[in-house]
Amino acid sequence: ESLSGREHQISVLFSDIRGFTSLSERQTPQQVVALLNAYFSRQVAVVFRHGGTLDKFIGDCIMAFWNAPLDDPKHYRHACESALAMFEFLPKLNEEIEAEAKLENRQFHPTRVGIGINTGECVVGNMGSEKRFDYSVLGDAVNLAARLEGQSKNYGVDTVIGEETHADVQEFATIELDIIAVKGKAEAVR
């Protein structure tokens, strides 16, 4: 394998646990690892079921993308379907966490998630050093997906999608949130 990349249209998803820092401060490291493993296992299974590629874990965040390495002409739709499915298992996970908290006589804090999705031209390929590299995506569309995930908390919604993603999933129930200026972008985005 070698380090290389190609430009390709990609849909990128970031999924982050809300309030993870304060949640982890109230639990032992073993409890945090158990929570993350249960959460990641279920979320990644959803990504794979919808044809996505797991890019990486960033703390408590999952980064995934669609339309590489295999072409997926409906990548924007599959990313959105994945986001919706990621919320389906949360009630069951929270039931398990609540039962554990009761057994251990500690306060229960439900797991909540925010998701950002964006579609656009990215560079996709093997990136890193000659000794260690990952198959990943880079580009403005990736950065915007991460910023949109952060906005989900500010707007009190589960998922925020970019304008280019929205253009391809008109049949999904959506509302326009705002035109916002996100960090790193000179112009506001819809």
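A residue counts as buried when its relative accessible area is under 20%, and as exposed when that value is over 50%. Keep those cut-offs in mind as you explore this predicted model.

**Stop 1: Phe89.** Select Phe89 to begin. Its relative accessible area is 13%, so Phe89 is buried.

Stop 2: A pair of aromatic rings is described by the distance of the centres and the angle of the planes. Four aromatic pairs are found in the structure. In one of them, Tyr39 and Phe40 have ring centres 5.7 Å apart and planes 50 degrees apart, which makes a tilted pair. Tyr39 and Phe40 are both buried. How are the rings of Tyr39 and Phe89 arranged, and what is the angle of their planes? Their centres are 6.4 Å apart and their planes meet at 45 degrees, so this pair is tilted. Colour the chain by secondary structure here: Tyr39 sits in helix H2 (residues 29–49), while Phe89 is in the loop between helix H3 (75–88) and helix H4 (90–103), so the pair ties together parts that are 50 residues apart in sequence.

**Stop 3: the cluster.** Together with Tyr39 and Phe89, they form one aromatic cluster.

**Stop 4: the surface.** Finally, switch to a surface view and select Glu7, which belongs to strand E1 (residues 4–17). Is Glu7 buried or exposed? Its relative accessibility is 63%, so Glu7 counts as exposed.

Terms used: Residues numbered from 1 in each chain as written. Predicted model: local features only at pLDDT ≥ 70, side-chain atom pairs only at ≥ 80, totals over all residues. Heavy atoms only, no water. Helix = DSSP H or I, 4+ residues; strand = E, 2+ residues; numbered from the N terminus. Buried < 20%, exposed > 50% of the residue type's maximum accessible area, 1.4 Å probe, protein only. Phe/Tyr/Trp six-rings, centres within 6.5 Å; stacked < 30°, edge-to-face > 60°.
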